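Work through the following exercises with the structure open beside you, and try each task before you read its solution.

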Amino acid sequence: MTVQDIRAFNRFYTNVIGALDYSRQLYAPYTLTESRVLYELAHSPRTDAADLRGELSLDAGYLSRILNKFERAGLIERTASRKDPRRVRVTLTPRGRETAALLAERADESVGALLATVPAAERPRLSEAMHTVRTLLSDGRPPPREDVLLREPRPGDLGWMVARNAALYAAEYGFNADYEGLVARIVADFAEDHDPHLERVWIAELDGRPVGCVMCVRDEAPATARLRLLLVEPDARGLGIGDRLVSAVVDFARGVGYRDLVLWTNDVLTSARRLYQRHGFVLTAEKPHRSFGQDLNGQDWHLDLTEPTGEGG
């Protein structure tokens, strides 16, 4: 391979991306950069203006003009950060979230149209080739955390949640098929009957594949939500995905008016328990039990959503 080979590929890829970004005025009335800012605000757990500048490599004045435009359009609100009053926290309004979702939908449609030109049998080869290019040119570095996308589930993702929970818990903790049955019932209940305003699933995606998930559902207790089925694939750990998933649940639950957030886990899940503690969850009860083919110690954890915990848990 020569320098010219790479430059030729860059020209080709730039033309493809240009077509995706601007064909049919995909991002009108917003530029590509403005759309990237909306995307980060919709998906990143860090929404201080300084964080946005760093993640998107934007000039401070340029970002300020974009945020001024968004504020005039009613897309964002700016407030002092609870952690540091000198920093400005930027959050999407309901209108802003609708706009970001619309742009994401248009982008998905555009990429889907491009992917439709690739025969189904060739798509795994395309995905592997893209992964290979990224891996070889990254010099062994892990992917940037901001490349992890938190999104709503697509067709097949709920089945993936069942399969991966069953496989990982069997491999890492020796759980038997009883656990797969439990997860399947939880997912089926959500798929068949849930309130999208009060219940939600997040899928963490990296390089076009799901690498994590979590669920927020209504609990039997009044004004209480339950966090369920937190999972991060082994090869995607260390990128802060678990922290982002828990933050997403906490922020969502607090935003829609729940007063309490609860979860049940087992003490063998040490990494998950430390994560819950960092987000302010408090252990409220423990009980030994025999489940999933193992002797376990079940734990109930609780988070008071009426108490501020600071951005990002």
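Two residues are in contact if heavy atoms of theirs lie within 4.5 Å. The model is a predicted one, in which local features need pLDDT of at least 70 and side-chain atom pairs count only at pLDDT 80 or more, while totals for chains, interfaces and linings use all residues. Residues are numbered from 1 along each chain as its sequence is written, and side-chain values use heavy atoms, with hydrogens and water left out.

**Exercise 1**

Find the helix that holds T99, decide why T99 counts as buried, and list what T99 touches.

Solution. Begin with the helices (H or I, at least four residues) and strands (E, at least two), which are DSSP runs numbered from the N terminus. T99 belongs to helix α5, which covers residues 94–115. Next, recall that buried stands for under 20% relative accessible area, exposed for over 50%, and partly exposed for what lies in between (1.4 Å probe, protein chains only). T99 counts as buried because its relative accessibility is 17%. Finally, when residues up to four places away in sequence are not counted, T99 touches Y30, L38 and L75.

**Exercise 2**

Locate D157, and state which residues are in contact with it.

Solution. D157 is found in helix α7, residues 157–173. With a relative accessible area of 7%, D157 is buried. If its neighbours within four places in sequence are left aside, the contacts of D157 are R151, E152, I203 and P210.

**Exercise 3**

Solution. Two strands pair if DSSP finds at least two bridges between them. In general, strands of a sheet pair through backbone hydrogen bonds, either parallel or antiparallel.

**Exercise 4**

In which sense do β6 and β7 pair, parallel or antiparallel, and which residue of β7 is the bridge partner of R226?

Solution. Strand β6 (residues 224–232) pairs with strand β7 (residues 260–266) in the parallel sense, over 3 bridges. The bridge partner of R226 in β7 is V262. Strand β6 also holds L229, whose phi is near 55 degrees, a positive value in a residue other than glycine. L229 is buried, since its relative accessible area is 10%.

**Exercise 5**

Solution. From C-alpha to C-alpha, D251 and A236 are 23 Å apart in space, and they are 15 residues apart in sequence.

**Exercise 6**

Where is F292 found, and why does F292 count as buried?

Solution. F292 is found in the loop between β8 and β9. F292 counts as buried because its relative accessibility is 10%. Phi of F292 is near 60 degrees, which is a positive value in a residue other than glycine.
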